[in-house]
Amino acid sequence: MSYRSALSYVLSSTIEPSAEQTSASERFPRTSVAALAEAGLLGLTVSAYLGGGGLGLVEAAEVVTEVSRVCPATGAVLRSHYAAVACIEAYGTPWLRRRVADGHHLSTLALVDVGDGGGPGGAAPPAGSTATRTGDVVALRARKRDVVGAGEADSYIWSSLPVDGSGRPALWLVPADAPGLFVPTRPNGAGPRGSGASTVCADPVLVPASARLGQEGGRRDHVLGTVLEWLAALPATGSAAAEPVSAEALA
């Protein structure tokens, strides 16, 4: 079955019938996300040799557009997932990429700090997310705003100020079960109703130093470029949580 046929089936059988209830109840669209996973659409952009669809940004944008038209919440979740998976596909382990390809891993983005760009309550911009290394463990401290699928995703692509003082943001793969990660019980972020957009807090979150994406030399800048490229190309859903993210906002 082609990805378009699979998408058409999921839209008509699952996403469209539940879209109104998702918005009205503001509940995360678990059934819709599960259907997308079952149809292979969460793994659309993972390499075919690992079991994914082997497709790219153009096809991902098409899927996000069609899903967002029917259910903005599910579209927002898929947009963040595809942008996160672009990093995982480029820099993640084969094991994790297979998990995504099999529909067993949902990822999302935790990029912008509370206070950046006029955050909640008009708070002054913070000094920035920090990363402090002790041996092979890194402590991440931050409050990330408008994280789509907060508390529902299996991992977060997390930005911080660099450990090495290089001046360029660092990106980390943070598992949802990392020690010290806190998500409010009720979503409090700006996003489509039901998207689970919320503030995610780290005070601190502990991850292995190997969780940094693109650690080798100039690849660090490529990681950030990958995120920004995908966010710019994937259609937004008309909410603050889907606003374009600049490199300056992550610095």
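**Ground rules.** I number residues from 1 along each chain as its sequence is written, and I use heavy atoms for side-chain values, leaving out hydrogens and water. Since this is a predicted model, local features need pLDDT of at least 70 and side-chain atom pairs count only at pLDDT 80 or more, while totals for chains, interfaces and linings use all residues.

**Entry 1: the whole chain.** I looked up the secondary structure and got 7 helices and 7 strands for the protein chain. Both are DSSP runs numbered from the N terminus: helices are H or I with at least four residues, strands are E with at least two. Along the sequence the pattern reads α-α-α-α-α-β-β-β-β-β-β-β-α-α.

Next I checked burial: 52% of the 251 residues count as buried. Buried means under 20% relative accessible area, exposed means over 50%, and partly exposed is in between (1.4 Å probe, protein chains only). The chain exposes about 11100 Å², with carbon and sulfur atoms supplying 51% of that; the areas come from the Shrake-Rupley method with a 1.4 Å probe, and for residues only the protein chains shown count as cover.

I also looked at contacts (heavy atoms within 4.5 Å). Among those between residues at least 6 apart in sequence, 70% join residues at least 24 apart.

**Entry 2: salt bridges.** How many salt bridges does the structure hold? I got 9, taking a salt bridge as a side-chain nitrogen of Lys or Arg within 4 Å of a carboxyl oxygen of Asp or Glu.

Arg30 and Glu152 form one of them, at 2.7 Å from N to O. This pair links distant parts of the chain, 122 residues apart: Arg30 is in helix H2 (residues 30-38), and Glu152 is in the loop between strand S3 (137-147) and strand S4 (155-160). Glu152 counts as partly exposed because its relative accessibility is 26%.

Arg145 and Asp146 form another, at 2.8 Å from N to O, and both of these residues are buried.

**Entry 3: Lys144.** Is Lys144 buried or exposed? Lys144 is buried, because its relative accessible area is 1%.

Its side chain meets that of Asp113 in a salt bridge (2.8 Å, N to O). Asp113 lies 31 residues away, in the loop between strand S1 (107-110) and strand S2 (130-134), and is buried as well.

The Lys144 side chain also makes a polar contact with the side chain of Ser129 at 2.8 Å, and reaches the backbone oxygen of Leu111 at 3.3 Å. A polar contact is a pair of N or O atoms within 3.5 Å; within protein, one must be able to donate a hydrogen and the other to accept it, and residues adjacent in sequence count only if both atoms are side-chain atoms. Leaving out residues up to four places away in sequence, the residues that Lys144 touches include Trp158, Ser198 and Val200.

**Entry 4: the sheet.** I traced an open sheet of 4 strands in the order S2-S3-S7-S6, with antiparallel pairing. S2 and strand S6 (181-182) stand at the edges with a single partner strand each, so one side of each has no neighbour in the sheet. Strands pair if DSSP finds at least two bridges between them; S3 and strand S7 (residues 198-208) are joined by 8. Ala139 stands opposite Leu206 in S7.

**Entry 5: cysteines.** I found 0 disulfides, looking for cysteine sulfur atoms within 2.5 Å. Cys87 is buried at 0% relative accessible area, and Cys201 is buried at 19%.
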